[in-house]
Amino acid sequence: MVTVVGLGFVGLTTALGFAEYGHKVYGIEADPMRMAIIQSGKLPFLEPGLDEALTRHLGRNFVPTTDWETALADSECVYYCVGTPYGEDGQADLSYLYGALEQTLIAIRDEKFRVLVTKSTIPPSTTEKRIIPFLVKHGVNVPEQLGVANNPEFLREGHCWEDFTHTDRVVLGVSDARSEKVLRGLYANETAPVYCVSLNTGEFIKYLSNTSLACLISYANEMSLAADAIGGIDVAKAFRILHMDKRWQTGTIRSYFYPGCGYGGYCLPKDTNAFYALCKSNGFDGQILKQAIDRNDRMPEAAAARIIRAAGEDQSTCIGLLGLSFNVGSDDVRNTPSAKIIQALNKAEYRNIVAYDPVAMGEFEKLYHLDYRCVDTYEALLEQAEVLAIATAWPMFANIREKTDKPVVDCRYML
């Protein structure tokens, strides 16, 4: 039994999607005109496939109602699909969500455990820092009386029904085992993978998805402006040919869209800086490209800061750096982040550094003259170092937590 509060694009799709799973779903909508349209068996907006789902489930698995008490009495989960618009300062307006939560608390008449699930898009840390304190302030014992979770949506307008019924993943932000069990039961018939993550991670994944798309669109637009400034470039053809790169076709482009220590090697630093300089000389200062270069230049320092936090204030602590090449499968150490990490550590007076790389130690020693020393084997580094840091994602380092209980800073997010 599920209650869905808010029957807009997301809410009505969610309600009918759960009805399609075989659950009984109550739908609550504050707008009387929209509610009347839905109760008549029609959609208040255009959304292919949703109209047929409404016809199948209305009055059967899906019951639109204004009776909060009856709906909540039957429900194990309450889904909130209300608006969270952003204000002038860009912050999300949670007033509709708070109002729906207050109405929920007023309408609950028993001690049954329920999970309150935010489906609306809310910024990372909202559940933990704002929703739970709001409920506690209203006398709710979380999670003993009520569970709290988030379940971000990944729906495209015009494709909502298809995206719900053929989703590629389900994300559940949960913080207690009881809530997780209820929500996993709700998605028991879903064939796509269901990921249970922390509350903050659940919210972050939604923003990571949308902001990534926003950045891609904006960068493509910036490059079109750069092309116009340079002149003589067929922008449409250039992008269509870009998309023919096999990395886009096979999905291996994903390896570039993953955090680490920054890009290195010869081509990316050289070409990115050269193109930015060309744009500026033609009167176009591409800010996204500029920020990409700046962020990359700062990433090794950020990695070094993480290592220093793990090592503590004792600058004699032995730090073990795993990986010297800029990328797996190569002994190329030109512009490698590892060298910049060692430089940053040396600058902070950390000089007791041991390093190991399966193929690149010789090239590294030729090119860089820093305060560090190489060891012959992975095992020797594990033995000598007190704090370990992975700087190149060689597969052999994936078992490091099985080999040692020393602190590990995973600068490549490979573990």
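This is a predicted model: local features need pLDDT of at least 70, side-chain atom pairs count only at pLDDT 80 or more; totals for chains, interfaces and linings use all residues.
**Notebook: salt bridges**

Residues are numbered from 1 along each chain as its sequence is written, and side-chain values use heavy atoms, with hydrogens and water left out.

I then turned to E20, which forms a salt bridge with R56 at 3.1 Å between the closest N and O atoms. This pair links distant parts of the chain, with E20 in helix α1 (residues 9-21) and R56 in helix α3 (residues 50-57), 36 residues apart; helices here are DSSP runs of H or I, at least four residues, numbered from the N terminus. I found E20 partly exposed at 37% relative accessibility, and R56 is also partly exposed, at 37%, where buried means under 20% relative accessible area, exposed over 50%, and partly exposed in between (1.4 Å probe, protein chains only).

Next I checked E180 and R184, whose side chains meet in a salt bridge at 3.0 Å, N to O. Because they lie four residues apart in helix α8 (residues 177-186), about one helical turn separates E180 and R184. E180 is partly exposed at 26%, and R184 is partly exposed at 37%.

Last, I looked at R334 and D332, which meet in a salt bridge at 3.0 Å, N to O; R334 is partly exposed at 39%, whereas D332 is buried at 16%.

Conventions
A salt bridge is a side-chain nitrogen of Lys or Arg within 4 Å of a carboxyl oxygen of Asp or Glu. Helices (H or I, at least four residues) and strands (E, at least two) are DSSP runs, numbered from the N terminus.
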